[in-house]
Amino acid sequence: MVKQAPGVRIGGLTVVYKTPAGELPAVRDVSLTLEPGSITGIVGESGSGKSTLALSLLNAVQPPGRIAAGSVEIDGLGDVVGLQGEQLRKARGKHIGYVFQAAQNSLNPLKTVGKQLLDLGRSHGVDDLRGLVREARELLGRMGLDGARVLDSHQHELSGGMRQRVGIMLALVLNAHLVVLDEPTTALDMITQANILKIVREVHAERGLTTLVITHDIGVVAEVADRLAVMYGGRLVEQGPTRQVLGAPRHPYTQGLIRAIPRLVGDIDEARALPGRPPTLATVPKQGCVFRERCPLRMDVCDTVDPEAVADGPRTVACHAVSVKEHA
Ligand SMILES: Nc1ncnc2c1ncn2[C@@H]1O[C@H](COP(=O)(O)OP(=O)(O)OP(=O)(O)O)[C@@H](O)[C@H]1O
């Protein structure tokens, strides 16, 4: 079977976590399509539900969390929400590569990278382990590393940027064509960050991937993503082609996020932090718009009715104020 960049259709996805106050949604009724061959960025502040959404693509939400509703249709795999056990384990790695947050250590400190690579290959029934090592060396070389040396190293012998490239290699080495990168550059210095993003773009294009990048940093998305989805309080509030959304943001939250980016040129005071704090699971409003507490455009209807995502060409936005303005 020739593998190609798969399309992904997330439909009405709701993911809840069990808390002392009952099951509360971290992701609520999110629908999002990843076009084959595209890079999609998901942005939002800490706690907006980005990682939970990303884990749902692998059906890997762990207890006390669970997918309570919705579907994640991946070309060639079907609805992963229905996959279990061995089927699911095989899908991870072979079809879907996942790169964990740069800030986290996903490598085993006791084993060399090469040993971990062989473990990965064996656990996925790879017969040609030599071929796997060759592929890993080539990928690492492609990312500017000495492959043989890196495979002989333990994690403590590698810098943050090197570890992150090892993570990308491990996600790609089984030839997955859907790749999820969770905060690929957090905790890396600016130069390393730019380097990793360049690698992500190149590998994406060379291998014909469908890529999802999760980040709180809108600059990262501007750098790599074709499409941008903005999350707040577990809801997807705006999405569309990156240039359009960044050039003319419609949702007041997206506008606030963009205003909060410090500029390298011009008046640094122009950057204005969004007032207030994002909600936690316990404080997300049960009804009405999740953003209203911080919204400069708040209206009465926002207190009671959750705005639906309204499509306008390739863009959607979920905001009562925007709908009113456009229909006035
Ligand atoms: N295991 C868990 N148990 C209970 N609540 C959780 C658990 N994991 C996440 N949450 C809550 O779910 C919400 C969404 O978390 P998630 O990690 O998906 O957000 P995020 O946007 O990825 O944030 P960050 O950038 O900080 O990782 C948060 O309010 C978080 O506290």
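Around the ligand there are 16 residues, of which Ala26, Ser46, Lys50, Ser51 and Thr52 come nearest; a residue counts as near if its C-beta atom, placed from the backbone, lies within 6 Å of the molecule. This is a predicted model, in which local features need pLDDT of at least 70, side-chain atom pairs count only at pLDDT 80 or more, and totals for chains, interfaces and linings use all residues. Residues are numbered from 1 along each chain as its sequence is written.

The shell around the ligand comprises 4 nonpolar, 11 polar and 1 charged residues. Here Ala, Val, Leu, Ile, Met, Phe, Trp, Tyr, Cys and Pro count as nonpolar, Asp, Glu, Lys and Arg as charged, and the others, Gly among them, as polar. The largest share, 3 residues, comes from α1, and β1 (8-19) and α1 (50-56) each supply at least two. Helices (H or I, at least four residues) and strands (E, at least two) are DSSP runs, numbered from the N terminus.

I turn to the sheet. Its 4 strands form an open, antiparallel arrangement in the order β2-β1-β4-β5, where pairing requires at least two DSSP bridges between two strands. Because β2 (22-34) and β5 (78-79) stand at the edges with a single partner strand each, one side of each has no neighbour in the sheet. β1 and β2 pair over 9 bridges, and Lys18 stands opposite Glu23 in β2.

Finally, Leu57 touches Val8, Val72, Val80, Ile96, Val180 and Leu212, not counting residues up to four places away in sequence; contact means C-beta atoms, placed from the backbone, within 7 Å.

Methods:
Contact = placed C-beta atoms within 7 Å.
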